[in-house]
Amino acid sequence: MRIRKNIAVSDEGFLFNPATGDSFSTNGIGSEIISLLKQDKSTSEIIEEISKNYDVDRLLLERDLEEFTGLLKDYSILE
Amino acid sequence: MKKQIVIAVTALNAIDSPGPGVAVIRAIRDCKDFDVKIIGLSYEALEPGLYMHDLVDKTYQIPYPSGGTDSLYARLLYIHEQEKLDLIIPNFDAELYNFIKLRDKLNELGIRTFLPELNQFEARDKMKLFEFGQKHGFLVPEDKILHELRELKKMEDDLEYPIVVKGKFYDAVIARSYDQAEKAFLKIMAKWGLPIIMQEFIKGTEINIAALGDGEGNAISIIPMRKLYITDKGKAWAGITLEDDKLVELARKFIETTRWRGGCELEVMLTDDGKPYIMEVNPRFPAWIYLTAGAGQNQPASLVKMAMGEKVEPFKTYEVGKIFIRYAWDLITDIKEFQLISGNGEL
């Protein structure tokens with residue numbers, strides 16, 4: 001799971017796909033996940049990292065992460 | 001001191017379905033490599049560009065394209081006597097035929113143009129586009145040319161709904177049934193006449209590409225753009241430059257194959273599985289051409305340089321993610337100005 005290399009991501013979590021002209025904005029946690037994806041972290045590493053910093057139900061996090069990355073794939077952000 | 005180039009430009013109708021003239025002039029004026037005097041050539045007294053005196057130095061009315069080449073030539077001769085034109089940049093599809101036909105005669109007067117050859121111009125015509133695509137290996141939607149309404153029923157043997165009903169110069173309507181196709185046929189016929197083009201509907205993302213060819217097969221500039229905001233007339237009110245090697249390659253192949261001279265716009269439908277279909281080729285700059293200057297490849301200024309005999313190297317880079325947003329602006333003028341153009345044909 002990798003962010004396509006031509007996708008521009010700002011520190012604020014604003015994404016721009018230069019091949020389609022589409023742009024998206026995410027909230028804080030979305031922005032953190034994208035930043036971890038950019039560092040080539042695996043799903044389990046991302047879950048570890050987020051669980052460390054937030055008080056969150058692990059199962060819920062796994063489900064939300066799957067939904068979020070599915071969305072990123074649909075929008076051609078993820079390879 | 002730089003030599004002043006006198007350039008005549010048409011299509012000053014900067015309205016909701018705008019002609020490219022004002023954008024072309026703006027891009028030319030942005031270039032600091034030459035001094036220019038801009039002569040506007042207008043068809044109607046209320047084309048907004050006529051009244052933009054910071055862009056257009058003087059305007060002359062010219063006869064409608066339906067008047068033919070003789071009356072156009074006579075008028076251009078008069079304008080040339082007054083202004084000593086160096087170059088004419090026509091920007092309307094409907095007038096290009098006359099200007100191409102007059103190219104050699106204008107050249108004899110010392111007036112340059114930078115237009116495609118007549119065969120290049122005709123090969124990409126809407127009515128021959130399918131044939132053109134087949135010949136040169138471009139993906140192009142299938143179409144049927146209808147010369148009368150009763151052919152519509154027969155067309156259903158070859159094309160399935162939805163189809164795109166198109167006028168020979170402008171207008172396109174998507175029809176999902178015979179009734180809708182008939183209604184669109186009649187509406188477009190009333191406006192643009194016959195024939196009517198029935199085109200296979202291709203689902204995908206619409207991309208527009210502005211390209212400039214040197215006439216020797218080299219693409220000097222290629223800028224792909226996606227419309228971000230579309231008016232009810234299907235015109236881009238905002239758009240963004242894209243990075244897509246496949247689209248750039250497509251435009252390069254088009255320029256190489258046709259040895260296109262001048263500006264053009266490819267209307268492309270990129271299907272979900274990434275196939276680029278050429279839907280239409282407009283034989284002139286698009287109305288959004290100023291974006292090419294904004295993205296670092298000033299196509300109108302490069303055209304001027306080439307037309308004036310300068311060798312222009314192909315651009316290598318442009319800025320991706322540059323956005324244009326069109327806006328409406330109420331220009332205040334006086335009845336005296338309107339009287340000059342509508343009464344004397346000059347402003």
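I started with F138(B): at 6% relative accessibility it counts as buried (under 20% relative accessible area; exposed is over 50%, partly exposed in between, 1.4 Å probe, protein chains only). This is a predicted model, so I kept in mind that local features need pLDDT of at least 70, side-chain atom pairs count only at pLDDT 80 or more, and totals for chains, interfaces and linings use all residues. Side-chain values use heavy atoms, without hydrogens and water, and residues are numbered from 1 along each chain as its sequence is written, with chains lettered from A.

Next I looked up the rings. I get nine aromatic pairs over all chains, where rings of Phe, Tyr and Trp (its six-membered ring) pair if their centres lie within 6.5 Å, and planes under 30 degrees apart are stacked, over 60 edge-to-face, the rest tilted.

Y43(B) and F92(B) are one of them: centres 5.8 Å apart and planes at 50°, so I log the pair as tilted. Y43(B) is buried at 9%, and F92(B) is buried too, at 17%.

Back to F138(B), which forms a tilted pair with F254(B), 6.4 Å centre to centre with 55° between the planes. The two are 116 residues apart. I found F254(B) buried, with a relative accessible area of 0%. Ring pairs also link F132(B), F138(B), F254(B) and W260(B) into a cluster.

Last, charges over rings (NZ of Lys or CZ of Arg within 6 Å of the ring centre and within 35 degrees of the ring normal). K253(B) has its charged end over the ring of F138(B), 4.6 Å from the centre. K153(B) lies over the face of Y178(B), at 4.5 Å from the ring centre.

Methods. Helices (H or I, at least four residues) and strands (E, at least two) are DSSP runs, numbered from the N terminus.
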